[in-house]
Amino acid sequence: MRQTDRSAAIMLFLGSGSLLAGAYGFQYFGELQPCVLCLYQRAPHAVVLGLALIAMLLAPKRAPSAWAVGLAGLALLVGAGFAGFHVGVEQHWWEGTVGCGSLGA
């Protein structure tokens, strides 16, 4: 694995790990209960953590690690889709899911 590929895997791991740590910190220490959309936004970051870890472990094998980094990028795009939808719900541009706390606001 080239150094740039390894750096990408490390950055993906640290970035998604930091975002998940922040989300769980707000939930458990800040006592902010997440809505269902907040929970959906966490799933792609968990996938990215796993794929980045796989990419780091497969460092000597270039092709599998590059695939893992690429799939992590796709997972981030899915997460961006969830986030965009969530912003639209919070801004009342469209209706959210049944479990979303902003429906009555």
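Predicted model: local features only at pLDDT ≥ 70, side-chain atom pairs only at ≥ 80, totals over all residues.
Residues are numbered from 1 along each chain as its sequence is written, and side-chain values rest on heavy atoms, with hydrogens and water left out.

The protein contains 3 helices and 0 strands, where helices (H or I, at least four residues) and strands (E, at least two) are DSSP runs numbered from the N terminus. Along the sequence, the elements follow the pattern α-α-α. Of the 105 residues, 28% count as buried; here buried denotes under 20% relative accessible area, exposed over 50%, and partly exposed the range in between, as computed with a 1.4 Å probe and protein chains only.

The largest pocket holds about 370 Å³ of space, and 20 residues line this pocket, with Leu19, Ala23, Cys38, Gln41 and Arg42 the closest to its centre. On a 1 Å grid over the protein atoms alone, a pocket is an open set of points with protein on both sides within 12 Å along at least five of seven lines, in contrast to a cavity, where a 1.4 Å probe fits but cannot get out; lining residues have an atom within 4 Å of a point. Grid points are joined across faces, edges and corners, and the volume is the space filled by probe spheres set on the points. At least two lining residues come from each of helix 1 (3-28), helix 2 (36-57) and helix 3 (62-90). By residue class, the lining comprises 12 nonpolar, 7 polar and 1 charged, with Ala, Val, Leu, Ile, Met, Phe, Trp, Tyr, Cys and Pro taken as nonpolar, Asp, Glu, Lys and Arg as charged, and the others, Gly among them, as polar.

Helix 1 and helix 2 each supply at least two residues of the patch, and helix 1 gives the largest share, 4 residues. Met11, which lies in helix 1, counts as exposed because its relative accessibility is 58%.

In helix 2, Ala52 is buried, with a relative accessible area of 1%, and its C-alpha atom is separated by 9.9 Å from that of Gly73, 21 residues apart along the chain.

Backbone geometry was also examined. Most residues other than glycine have a negative phi. Glu31, in the loop between helix 1 and helix 2, has a positive phi near 55° and is exposed at 64% relative accessible area. In the segment after helix 3, His92 likewise has a positive phi, of about 60°, and is partly exposed, at 47%. Glu95 is also found in the segment after helix 3 and counts as exposed at 65% relative accessibility; the C-alpha atoms of Glu95 and Phe85, 10 residues apart along the chain, are separated by 9.6 Å.
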